[in-house]
Amino acid sequence: MEKVHNKATELVLAAVATAEDSDNPRPWDYGWCSESYRRSQAAAISSPSGPVCLSIEGVERLEELHALLAKQSQVRDRWSLEELWGFLATLTAFVYRAGTKEETARRLLACIIYTEPSLVIFPVSNIAWSGEPVRVGKKNVIGLLDDKFIDAAQELGGRAQAHRKRIADYVSGLKHREPRVGFAALVPGQRGKARKQAARNFQALVDLTMMLVTNKGDRNLWSLRGDTNRPGLRGIALDRKAVEASVRESGDHVELYSNPLVIDAIGNNGGIQWRGEDPIPLKELLAEDPLHIAVETCLTQENSFLRRLHVAARWFAESYWASAQDDGALAAGVALDALLGSKSALPGRAMKERYALLEPDARARSGRAKEYEEIYSARSIVAHGGEVRKLSEGNFLREMQNSVTWAAWRLLDARATFSISTEKEFESLFEEIRWGTREWPSKGEGNSHERSEGGQVGNDESS
């Protein structure tokens, strides 16, 4: 990267050589990502000593600089290329004002080219937690925002270890109501990209847990409640329990429920709709070893096979937190596609076969095939604007969601049983099971999930 560093320094100095003070009182640093803005007469960059502008030649050098850095994988991994425009522009303005321009340019460019992972901490909403914080994945911690959380965050190393006082000040200065649950992540990205990566880590933890947790009904985890109580970044996603407590004190609790007037064939009705429910008991769910191990495996081991589960979990979450049956059915169908599909689109017959071959008991595969046919039919009808009668009858959507959970666990069992880590190995597995050159372990031997969970996880939920 030394050659890149040297070339980048040359380009900064070349751009600075064309810089001058600007009379535009409202510079727009982020706007430099737009070619129409940075090449306009009004383009300006902020600096501590007043706005700066570049000639068209200077803008061209800045464009060369951005293109050079965008080619470097370690820069792309750490920075949003759109956001990087603003940083490079302000870097140029800062060098223009500096006394030792080359030294300043090299020092500031090093902050972009060579970077340590960022520490991101934020409170989360709609998560119930008690007891000790837990480290999950490679570099994540979740728990109550207290001294033990700060200690656990420090153990992530890097910037987390070096900034205990800053972390403690942040935690003590939070204005959110208690109990406060927080999430900390050490991520490769910087600035905006760091925030997005940390938020994605949190969502992956929640989504994988919700997809893989079994017997959801027995745990009072019910889908189709809408996203009012969906876990998220606190302040972006409201913590329903905290808001409820706040408005109860003010007597303004009417803001938390809907009271529509319905005049129908029977008369007038003003029933109340209330979307409050208990936060997700994440600590309680992760206390179960098989589930914790499965989530940890998905979060820490990176390969093309396990990425299927990450994608499926995101779509499963869209299904689980949907408020409409058809939206939930479509998302559940996409989640199943993510688990079983191929880069080259597979016909429904091939997908049905894959689903059935995940069943270790050959005698039960015809039942699994029929199960998939019903799921695929519902998904297709919804996708093409039709209505699925089954969705309004019984628990068909929850059965679809349970089927996604079952298939996810079967893929994890396939990974453990047949040592699958690549797409090629995944594709070959179905061929070999079909031709009898590979077999699932007999029922007596069991597989990792069946041994720990006591059987398969198909349609085991009722409302």
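## Residue A194 and its partner S118

A194 is in contact with S118, V120, V187 and G189, when residues up to four places away in sequence are not counted. The model discussed here is a predicted one. A194 itself is placed in helix α10. With a relative accessibility of 3%, A194 counts as buried, because the buried class covers values under 20%. A separation of 76 residues in sequence lies between A194 and S118, yet their C-alpha atoms are 6.4 Å apart in space.

S118 belongs to strand β3, which spans residues 118–125. Its relative accessibility is 10%, so S118 also falls in the buried class. Beyond four places in sequence, S118 touches R159, A185, L186, V187, G189, Q190 and A194. One of these residues, G189, also has a backbone oxygen that the side chain of S118 reaches at 2.6 Å.

## Residue V295 in helix α13

Where does V295 lie? The residue is placed in helix α13, which comprises residues 289–300. V295 has a relative accessible area of 1% and is therefore buried.

The contacts of V295, leaving out residues up to four places away in sequence, are L205, L208, T209 and L212. For one of them, L208, the C-alpha to C-alpha distance from V295 is 6.2 Å, while the two residues are 87 positions apart in sequence. Helix α10 covers residues 191–212, and the contacts of V295 include L212.

## Residue S46 in a loop

S46 is found in the loop between α2 (35–38) and β2 (52–53). Is this residue buried or partly exposed? Its relative accessible area is 28%, so S46 is partly exposed.

Apart from neighbours within four places in sequence, S46 is in contact with P27, D29, T90 and A93. With D29, the contact is polar and joins side chain to side chain at 2.5 Å. With T90, S46 has a C-alpha to C-alpha distance of 6.5 Å across a sequence separation of 44 residues.

Most residues other than glycine have a negative phi. Two exceptions are described here. N215 has a phi near 50 degrees, a positive value in a residue other than glycine. L224 likewise has a positive phi, near 65 degrees, and is not a glycine.

N215 is located in the loop between α10 (191–212) and β7 (232–233). The place of L224 is also in the loop between α10 and β7. At 27% relative accessibility, N215 is classed as partly exposed, because that class lies between 20% and 50%.

## Packing of α15 against α18

Helix α15 (residues 325–340) packs with helix α18 (residues 396–418) at an angle of about 15 degrees, and their axes are 9 Å apart. Since angles under 35 degrees count as roughly parallel, α15 and α18 are therefore roughly parallel to each other. Their crossing is left-handed.

Which residues of α15 and α18 make the contact? From α15 they are Q325, G328, A329, A332, G333, A335, L336, L339 and L340, and from α18 they are L397, M400, S403, V404, A407, A408 and L411. By class, this contact of α15 with α18 has 12 nonpolar and 4 polar residues and no charged residues.

## Packing of α14 against α18

Helix α14 (residues 304–320) also packs with α18, here at an angle of about 165 degrees and with the axes 11 Å apart. Because angles over 145 degrees count as roughly antiparallel, α14 and α18 are roughly antiparallel to each other. The crossing of α14 with α18 is left-handed.

On the α14 side, the contact is made by F305, L306, R308, L309, F316, S319 and Y320, and on the α18 side by L397, Q401, V404, T405, A408, L411, L412 and R415. In this contact of α14 with α18, the classes are 10 nonpolar, 3 polar and 2 charged residues. Among the α18 residues, L397, V404, A408 and L411 take part in the contact with α14 and are also listed for the contact with α15.

Note on methods: Residues are numbered from 1 along each chain as its sequence is written. This is a predicted model: local features need pLDDT of at least 70, side-chain atom pairs count only at pLDDT 80 or more; totals for chains, interfaces and linings use all residues. Side-chain values use heavy atoms; hydrogens and water are left out. Axes are lines fitted to C-alpha atoms, for helices over the stretch in contact, and angles run from 0 to 180 degrees between N-to-C directions. Helices (H or I, at least four residues) and strands (E, at least two) are DSSP runs, numbered from the N terminus. Angles under 35 degrees count as roughly parallel, over 145 as roughly antiparallel, 65 to 115 as roughly perpendicular and the rest as oblique. A crossing is left-handed if the near helix is turned anticlockwise from the far one by less than a right angle, and right-handed if clockwise. Contact means heavy atoms within 4.5 Å. Ala, Val, Leu, Ile, Met, Phe, Trp, Tyr, Cys and Pro count as nonpolar, Asp, Glu, Lys and Arg as charged, and the others, Gly among them, as polar. Buried means under 20% relative accessible area, exposed over 50%, partly exposed in between (1.4 Å probe, protein chains only). A polar contact is a pair of N or O atoms within 3.5 Å; within protein, one must be able to donate a hydrogen and the other to accept it, and residues adjacent in sequence count only if both atoms are side-chain atoms.
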